[in-house]
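Today I'd like to talk through some aromatic rings, and I'll keep it short.

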Amino acid sequence: MDDLTPWLIIALLILGLGAGTYGVLIGAAGGFIVAPLLIIVFKVDHEIAVGTSLITVFLASASGAVSFVRLRQIDVRATILFTIASMPGAVLGVVGLGYVTPSLFHILYGFILALLGVYVLLRPPIISDCQNDKSSVIPEDLPTRRWYQNINRTSTVITANNDTYTFTYNEPMSIITNGIFGFSAGFLGMGGGPIRTPALIYLFHFPLMIAIGTSVTSQVFLSAIGSAIHVWDNNVDIIPALLIGGGMVIGAQIGVRTSRSIRPNRLMHLLSLALIGIGLQLIFSGVAL
């Protein structure tokens with residue numbers, strides 16, 4: 001963006017504030033909003049949009065992570081393992097971005113977001129969010145053979161408010177899955193949150209609030225590495241990144257506080273509708289190129 005008028009500066013700050021609030025609210029940091037809107041509304045090249053978006057994801061994730069750690073609303077072990085597993089994929093994503101045409105990128109990104117939105121919208125409702133002295137366990141229809149039980153991990157998280165969350169999940173598979181999500185950080189500039197949060201909830205049975213905190217916190221180092229690579233490749237428009245990122249830092253704090261007062265199912269519906277809407281718009285723009 002060569003000509004940063006006062007109105008454009010305000011628009012970028014508002015974009016960051018809204019994306020940061022909504023993104024952290026659903027455990028996604030807002031990159032999945034920033035990159036598509038930079039492409040669709042501000043007509044930014046897809047590589048620059050992705051690199052710029054990932055810078056803002058880092059800033060929003062870092063801001064949100066500080067609060068989630070203070071609230072002890074994360075699974076520390078899972079956060080560390082997910083971060084390590086995601087790093088190679090982030091590097092591959094940056095490399096792969098250079099081999100995709102703008103129109104194909106728009107269509108691919110749009111399909112991914114729209115399909116994910118439909119999946120979240122059609123999933124069964126979340127019955128319980130906070131367990132206070134109860135356990136969230138593997139559903140009865142999953143295998144109970146010894147080999148399966150041996151790869152499961154039962155985790156207990158006690159938050160700063162003394163809310164207790166106990167849940168069981170397949171740790172090796174969750175690590176492998178998050179390794180794949182790392183690719184989206186470098187390739188799509190969204191940190192993996194829109195995919196990781198629903199996966200942690202629906203596939204690995206994390207309580208909603210722990211899934212959000214773990215997802216946002218695990219994006220910090222991942223997005224930092226991806227951002228550094230994009231800066232090295234000159235794929236970042238620094239001034240817009242800082243303006244949007246500044247708004248996202250503030251928005252992230254609003255999102256952390258708001259997440260505790262919104263019903264889980266309403267939160268997931270908000271996520272699904274946004275994904276479908278932005279995805280369809282990207283598909284249309286890709287076809288028009």
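So, Phe 183 has 35% relative accessibility, so it counts as partly exposed, where buried means under 20% relative accessible area, exposed over 50%, and partly exposed in between, using a 1.4 Å probe and protein chains only. Phe 187, at 8%, counts as buried.

Quick word on the source: this is a predicted model, where local features need pLDDT of at least 70, side-chain atom pairs count only at pLDDT 80 or more, and totals for chains, interfaces and linings use all residues. Residues are numbered from 1 along each chain as its sequence is written, and side-chain values use heavy atoms, with hydrogens and water left out.

Now, how are Phe 183 and Phe 187 arranged? They form a stacked aromatic pair, 5.2 Å centre to centre with 20 degrees between the planes. For the terms: rings of Phe, Tyr and Trp (its six-membered ring) pair if their centres lie within 6.5 Å, and planes under 30 degrees apart are stacked, over 60 edge-to-face, and the rest tilted. Both sit in helix H7, four residues apart, so about one helical turn separates them. Helices here are DSSP runs (H or I, at least four residues), numbered from the N terminus.

There are seven aromatic pairs in the structure. Take Phe 105 and Phe 187: their ring centres are 5.7 Å apart and the planes are at 55 degrees, so this pair is tilted. Phe 105 lies in helix H5 (residues 102–122) and Phe 187 in helix H7 (residues 171–188), so the pair ties together parts 82 residues apart in sequence.

Methods:
Helix = DSSP H or I, 4+ residues; strand = E, 2+ residues; numbered from the N terminus.
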